[in-house]
Amino acid sequence: MSATRVLVLNSGSSSVKYQLLDMRDRSRLAVGLVERIGERTSRLKHTRVADGDTREQNGPIADHEAALKAVAAELARDGLGLDSPELTAIGHRVVHGGVFFTEPTLVDDSVLTEIERLVPVAPLHNPANLTGIRTARALRPDLPQVAVFDTAFHTTIPESAARYAIDPKIADRHRVRRYGFHGTSHAYVSRETARLLGKDPSEVNVIVLHLGNGASASAVEGGRCVDTSMGMTPLEGLVMGTRSGDLDPAVIFHLERVGGMSTDEIDTLLNKRSGLFGLCGDNDMREIRRRIDAGDEEARLAFDIYIHRLKKYIGAYYAVLGRVDAVAFTAGVGENAAPVREAAVAGLEGLGLAVDADLNAARGDGARLISPASARVAVAVVPTDEEMEIATQTYALVNESGNLT
């Protein structure tokens, strides 16, 4: 019997999230997180899914190599070690693939070089992703390593949507264009939405709303992304937990010239101290709703600004697609905040959009429709599963390429 297990690694600057999956039945065998790497207060939390047994380690973990060795040791305790003959590949989340990487890619030295060349447009993410890949290759040099790119799903966006209206020579020289992010989530959710409707993805036009602390929208036409809200960086688009989203570029010049702020200060302001947090001091939608219910007008205004931007993107992508079969809400806020879903489509009945109050309020774990049966456009809640998407793409690639062990 061929090997069917895939280890998925998501390496951040000071963390590693991981899941071990068996692709025979798409089941999870183990999940975990190493956080605060490089600090004295590092922590590894590991769960064996079969029985829910959870173990924690607390104490210094010096670097990503030490973190992955600790992960390997925890997996080995459960009989799921990296030396298992059932492990067929390791799939890595890589945030930025530029226009070069349009699909999951087997990692070799040339691939690492190209990912490194993209560091200037993804300085916070790609270096950490590279570290995770290099460490995993050192631990298992014989095993296929696959890079799955957040940007890949969006490489089908036409040039008319991907280009900014600036001198193309300057744009090309400095790689300035719309790349989009959260691609693995948008790919998974758009496909699962089609499944929910009982149709093939090629037959369905979907607006996907990935609403978490980071938030993005996409217009998916027949399974292909044709527009997305995040741009060259994850800063563009929707109002997010701490990011401003769309902004007049001249605001930056104004803050520098009149406000006396440095480039780094403006960067911090727009990425870490704006969005819902900047507007009302909270970036947790649950707390914002609690404050609204208590009569807090600052929280109410922040919520209204958030919804206004979201509704604008729904309308814009309706126009881009021409025909919309479904709007799908996903990620932490999208899956759990019924008031956000209700407010986002309120007043859009003329576009065929509505939610059923009872269906919207009901809790559920799986994909489900929350629109009335008579609605012209389906409104759905579709839990995202980026790790499963990475594992699926990784397993398919090593199988097709003949690298399956």
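Q: What counts as a salt bridge here?
A: A salt bridge is a side-chain nitrogen of Lys or Arg within 4 Å of a carboxyl oxygen of Asp or Glu.

Q: And what kind of model is this?
A: This is a predicted model, in which local features need pLDDT of at least 70, side-chain atom pairs count only at pLDDT 80 or more, and totals for chains, interfaces and linings use all residues. Residues are numbered from 1 along each chain as its sequence is written, and side-chain values use heavy atoms, with hydrogens and water left out.

Q: OK, how many salt bridges by this rule?
A: The count comes to 35 salt bridges.

Q: Which residue does Arg 195 form a salt bridge with?
A: Its partner is Glu 192, with the closest N and O atoms 2.9 Å apart. Helices (H or I, at least four residues) and strands (E, at least two) are DSSP runs, numbered from the N terminus.

Q: Is Glu 192 buried or exposed?
A: Glu 192 is buried, at 14% relative accessible area, while Arg 195 is exposed, at 54%. Buried means under 20% relative accessible area, exposed over 50%, and partly exposed in between (1.4 Å probe, protein chains only).

Q: What about Asp 78, what does its side chain meet in a salt bridge?
A: The side chain of Arg 48, at 2.8 Å from N to O. This pair links distant parts of the chain, 30 residues apart: Asp 78 is in the loop between helix H1 (64-77) and strand E6 (87-94), and Arg 48 is in strand E4 (residues 43-48). Asp 78 counts as buried at 14% relative accessibility, and Arg 48 is partly exposed at 23%.

Q: Changing topic: in what order do the six strands of the open sheet come?
A: The order is E11-E10-E9-E12-E14-E13, with mixed pairing. Two strands pair if DSSP finds at least two bridges between them.

Q: Which are the edge strands?
A: Strand E11 (224-228) and strand E13 (368-369), each of which pairs on one side only. E13 and strand E14 (residues 378-381) run antiparallel and are joined by two bridges. Leu 369 stands opposite Ala 380 in E14.

Q: Which helix packs on the sheet?
A: Helix H13 (residues 338-345) does, touching strand E9 (205-211), strand E12 (326-330), E13 and E14. Contact means heavy atoms within 4.5 Å.

Note on methods:
Axes are lines fitted to C-alpha atoms, for helices over the stretch in contact, and angles run from 0 to 180 degrees between N-to-C directions.
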